[in-house]
Amino acid sequence: MLKRQYSIATGLVLLIVLVLLNLPEQPAARIKLALGGLFLPLFGMAGSVQHLTQEVGNSLVPRSTLLKQLEQLRRENEELRQQLMQIQEAWRENAQLRQALGWQRRVPWAPQLARVVGQDPANWWRTMLIDVGSRDRIRPNMSVLTAEGLVGRIDKVGPDRSSVVLVGDPNCRFSAHVQEPRDKSTAAKGIISPNASTLDRLLVDLTYLPGTSPIKPGQTVVTSGDGGIFPKGITVGQIVDVRTNDYGLNLEARVKLAVNLNRLEYVWVLLQ
């Protein structure tokens, strides 16, 4: 059956070819044009498929190559992120130094700028190390401060390093007074001492205040100048709360320091 159908189809094709060959030139040309129009879309589709296949083949990249490119992009992104962090850190330090230098021009003292280089392991919480020493005319008991307020005093001095005893250390007790909020006059005077009830480095006690002292939270505490170590008028902090002591004869106040001792990077040493 199939052979018969194949023979009939072959005969029809041969018959059509013979007819086309024997037709006059103009009718034969018209028929050829019509048949070409029928098969032209099929040829165009075949060409498009071939072109698309070639493009897809060209766009395929081995997985190993893609992984290498991805890893390279990751490394470049990490390098750019590190560079950005370094630029931001340099900008921040530059802003700090500009602020510090502006403060230096406004104060009546002769301060020496120093960088904090570490904590003293012998007394981690209440001492620190700075990068100036005897070569920079630094001597023991010189005052150390920032634009915000008092930091402490110089303890030990080496050629190019010095240790600083911070406010709140038992070896850094000093006289201070509470300022009246209106005219900055002295409302009461006491002694800055360590706060034994908390490990917070930013809290100290102001002790031995007279029982009748008119002090309250929010008032500013400054150095009194007594004792010859710290000059008068350096900001220490603000009163947090007040409590009575010794059966009401004396008052004690907790003071929050003006300087954040946990984030010190640069300090000033007052050259005396």
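User: How many bridges join strand E8 to strand E11?

Analyst: Strand E8 (residues 203–210) and strand E11 (residues 250–257) run antiparallel and are joined by six bridges. Helices (H or I, at least four residues) and strands (E, at least two) are DSSP runs, numbered from the N terminus. Two strands pair if DSSP finds at least two bridges between them. This is a predicted model, in which local features need pLDDT of at least 70 and side-chain atom pairs count only at pLDDT 80 or more, while totals for chains, interfaces and linings use all residues. Residues are numbered from 1 along each chain as its sequence is written, and side-chain values use heavy atoms, with hydrogens and water left out.

User: Which residue stands opposite Asp205 in E11?

Analyst: Arg254 of E11 stands opposite Asp205. E11 also pairs with strand E10 (residues 235–245), in the antiparallel sense and over eight bridges. There, Val255 in E11 is the bridge partner of Ile239.

User: And what holds paired strands together in general?

Analyst: Strands of a sheet pair through backbone hydrogen bonds, either parallel or antiparallel.

User: Which strands make up the closed barrel?

Analyst: The closed barrel has six strands, in the order E1-E2-E5-E4-E3-E12, with antiparallel pairing. From one strand to the next, the twist averages 45°. For such angles, axes are lines fitted to C-alpha atoms (for helices over the stretch in contact), and the angles run from 0 to 180 degrees between N-to-C directions. Gln119 stands opposite Met128 in E2.

User: Stepping back, how many helices and strands are there in the chain?

Analyst: The chain has three helices and 12 strands. Of its 272 residues, 31% are buried; buried means under 20% relative accessible area, exposed over 50%, and partly exposed in between (1.4 Å probe, protein chains only).

User: What share of the contacts is between residues 24 or more positions apart?

Analyst: Such residues account for 56% of the contacts in the chain with a separation of 6 or more, where contact means heavy atoms within 4.5 Å.

User: New topic: how many aromatic pairs does a search of the whole structure find?

Analyst: The search finds one aromatic pair. Phe174 and Phe230 form this pair, which is edge-to-face, with 4.9 Å centre to centre and 75° between the planes. Phe174 lies in strand E6 (residues 174–179) and Phe230 in the loop between E9 and E10, so the pair ties together parts that are 56 residues apart in sequence. Rings of Phe, Tyr and Trp (its six-membered ring) pair if their centres lie within 6.5 Å; planes under 30 degrees apart count as stacked, over 60 as edge-to-face and the rest as tilted.

User: Is Phe174 buried or exposed?

Analyst: Phe174 is buried, because its relative accessible area is 6%. Phe230 is also buried, with a relative accessible area of 6%.

User: What about Lys232, where does it lie?

Analyst: Lys232 lies in the loop between E9 and E10. Lys232 counts as exposed because its relative accessibility is 60%. Lys232 and Val222 are 10 residues apart in sequence, and their C-alpha atoms are 7.5 Å apart in space.

User: Which strand is Thr223 found in?

Analyst: Thr223 is found in strand E9 (residues 220–223) and counts as buried, at 1% relative accessibility. Leaving aside neighbours within four places in sequence, Thr223 is in contact with residues including Phe174, Phe230, Pro231 and Lys232. A polar atom of the Thr223 side chain lies 2.6 Å from the backbone oxygen of Pro231.

Note on methods:
Polar contact = N/O pair within 3.5 Å; in protein donor to acceptor, adjacent residues only side chain to side chain.
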